[in-house]
Amino acid sequence: MSKDEEILDLKQRIAMFEETLVNAQEDNEIWDRIFNESYWGMMVCDAISGDFLKVNPCYAEMHGYSSSELIKKTVYDVFAPECHKDLPAIIRRIHEQGHCTYKTTHIRKDGSRFPVHTDSYAFTYKTRLIRVVSVWDLTESELKEKELRQYREGLEELVKSRTEQLERTNEQLRSEIHQKEAAETKLAKANQELINTLESISDGFYTIDRQWVISYVNNAMVKALEANGINSSIVGTDYWETFKYGNTVIKESCLKAMRDGQQSQLEIFECLMGHWVECSIYPTESGVAVFSRNINERKKNEKIIKDEHHRLYTLFERFPGLICIQEENFKIRFANKSFKAKFGSCEGNHCYEAIAGLDFPCKDCLTPIVLRNSTPLWNEVLIENRTYEVYIQPFTDIDGSNLIFKVLMDITDRKKADRELARLERLNMVGEMAAGIAHEVRNPLTTVRGFLQLLDSKDKAKLHHEFFDLMIQELDRANLIITDFLSLAKEKSADFTLINLKKIIESLVPLLSADALNQDKEIILELEEVPNFQGNENELRQLLLNLVRNGLEAMNVGSILTIKTNNLENCIFLKVCDQGSGVDPMIFEKLGTPFLTTKERGTGLGLAICQRIAARHNAVINFESNPTGTTVTVKFYISN
């Protein structure tokens, strides 16, 4: 194109712009007349603050104000107070849709109310959000509707005739178009960044539109499906067909999300992927979005922890001691089988309720001390006449709560065994003493006894015969004590033979019955057949004689002493039951201790000798006593 042609073209364009400017000015005059001469009440306000920017005379007259008075007010001043609550919803619809038609009630300057039909829309002018509102007084709705239709018809013709010119001259509109394009470009960039993010994550992700067509699948999901033989080209395919062999629960959750807008989060095994997944399903405007995270490793770790917990609790259950886990508030969180067997089903109850039967913590409870010092403690407690050794260890659970690990071990039998061991040690000491001194003492005693007998035979000593006789009796008594000492001291290695306890008792019946008859007492036998076992018959005779004579001496005239035998679970039981007044509780625990006796002329060695004989025959002696009598039980352990 030549320079002259360019100049000519430029002049034509200038002439066209000048003509457009003139037309725009005319349009502005027309719009100004339309606004001011409209039968509608019209006003322009700031969309944020609600301040009036411009009102037409009809709007001012409708509300009983002048235009200048209204300019100083806001839209809230013309709304009836009871309608203020509707304004947030109206403003939101205008903001979301750009336009809103509604009916409400306005208030005039004089306070009177009148119904109106309102048409509002908003637009942005130079970054300021403007709202234009048209108001129609419905009081004369029929007349005004006719005028409104005429007005609209004329307005539509005017708009139609000027549309092309307005589109060419509206630079602001073109600017908005450019802004929109820039926004779309920015949105596309953001979408691409989002897609890149979804493609880079290790979680599977896919979306389904409202026609149940798979619209997007990320790279992690494709790889997971391919690894299990599923075609990766599933975008655009029907969801139900592609996932027909998928997990039913996941498909039902997708259906709920699509139909009811209900989101779901599941931990489930997805057979299409061949592993456990944490599946999050969300409803979206376009359909459903599904996140699928591989949690196989976590499930393995959970199983390991679960198995470890099971092993630990199994160990607790099989542990013979009484184990419980206690919270800071004294509530029992866990109790093993032994604990519940002793105290009943106590989980959830306070420890002082379950163990001590109290309504409040025990006075000397160690729980606060252990929690405060974070150190384990040992203690001994007496529960239902049983002695327990209590171990208390504080620890912190995985949820951060402070707990107490408590173990109760029944040491009653051990305490008893310790006392028995101490008694046997004392018995052994006496035996050693007897071994050392018995022979040395017996010889001079024999010499003294002989000389006393010699002197007693002299005529001159006959006047003192009773004194010599008393001294000889005392020497005999001392000799008897020495004999008992020697019985304790002897580690008898006499050969054991096959014997029968019932037959030994029956062989002693004549002797025992004679002793009882002399004391005006009676012996009853309740003998069951018992098996033979290895033992020393003479020693068992001595043991039986000692126990029976002790029982006879403890009873009053006319009482009955019972001798019993029976066999149970590879054990033979010998019981001697008297009807005496029982053993003094103060000495009951010391029975069998050498030199301990309640008899006026007793040596205190009879039961000690019995204990020694029982020990050599792999037997134990137990005592049960009450005010109506005492039962001595000798329990012989025999091997098959």
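A residue is called buried when its relative accessible area is under 20%, exposed when it is over 50%, and partly exposed in between. The legends below apply these words to a predicted model.

**View A. Cysteine 100 in the predicted model.** The relative accessible area of cysteine 100 is 4%. Because this value lies under the 20% limit, cysteine 100 is classed as buried.

**View B. Cysteine 346 and cysteine 324.** A disulfide is a covalent bond between the sulfur atoms of two cysteines. To be counted as one, a pair of cysteine sulfur atoms must lie within 2.5 Å. The cysteine sulfur closest to that of cysteine 346 belongs to cysteine 324, and the distance is 7.1 Å, so the two are too far apart for a bond. The structure as a whole holds zero disulfides. Cysteine 346 is also buried, its relative accessible area being 1%.

**View C. A patch of negative charge on the surface.** Four residues, Asp4, Glu5, Glu6 and Asp9, gather here in a negatively charged surface patch. Aspartate 9 belongs to helix H1, which covers residues 3-37. With a relative accessible area of 33%, aspartate 9 is partly exposed.

View D. Tyr121, Phe123 and Tyr125 together make a nonpolar surface patch of about 290 Å². Tyrosine 125 is part of strand E4, formed by residues 113-125. The relative accessible area of tyrosine 125 is 41%, and this residue is therefore partly exposed.

View E. Most residues other than glycine have a negative phi. Which value does phi take in lysine 126? The angle is near 50°, a positive value in a residue that is not glycine. Threonine 127 likewise has a positive phi, near 70°, and is a residue other than glycine. Lysine 126 is found in the loop that runs between E4 and strand E5 (128-137), and threonine 127 is placed in the loop between E4 and E5 as well.

Note on methods
Residues numbered from 1 in each chain as written. Predicted model: local features only at pLDDT ≥ 70, side-chain atom pairs only at ≥ 80, totals over all residues. Heavy atoms only, no water. Buried < 20%, exposed > 50% of the residue type's maximum accessible area, 1.4 Å probe, protein only. Patch = residues over 30% accessible without salt bridge, like charges linked within 9 Å, V, L, I, M, F, W, Y side chains within 5 Å. Areas by Shrake-Rupley, 256 points an atom, 1.4 Å probe, with all protein chains shown as cover. Salt bridge = Lys/Arg side-chain N within 4 Å of Asp/Glu carboxyl O. Lys, Arg positive; Asp, Glu negative; His and termini not counted. Charge placed at Lys NZ, Arg CZ, Asp CG, Glu CD. Helix = DSSP H or I, 4+ residues; strand = E, 2+ residues; numbered from the N terminus.
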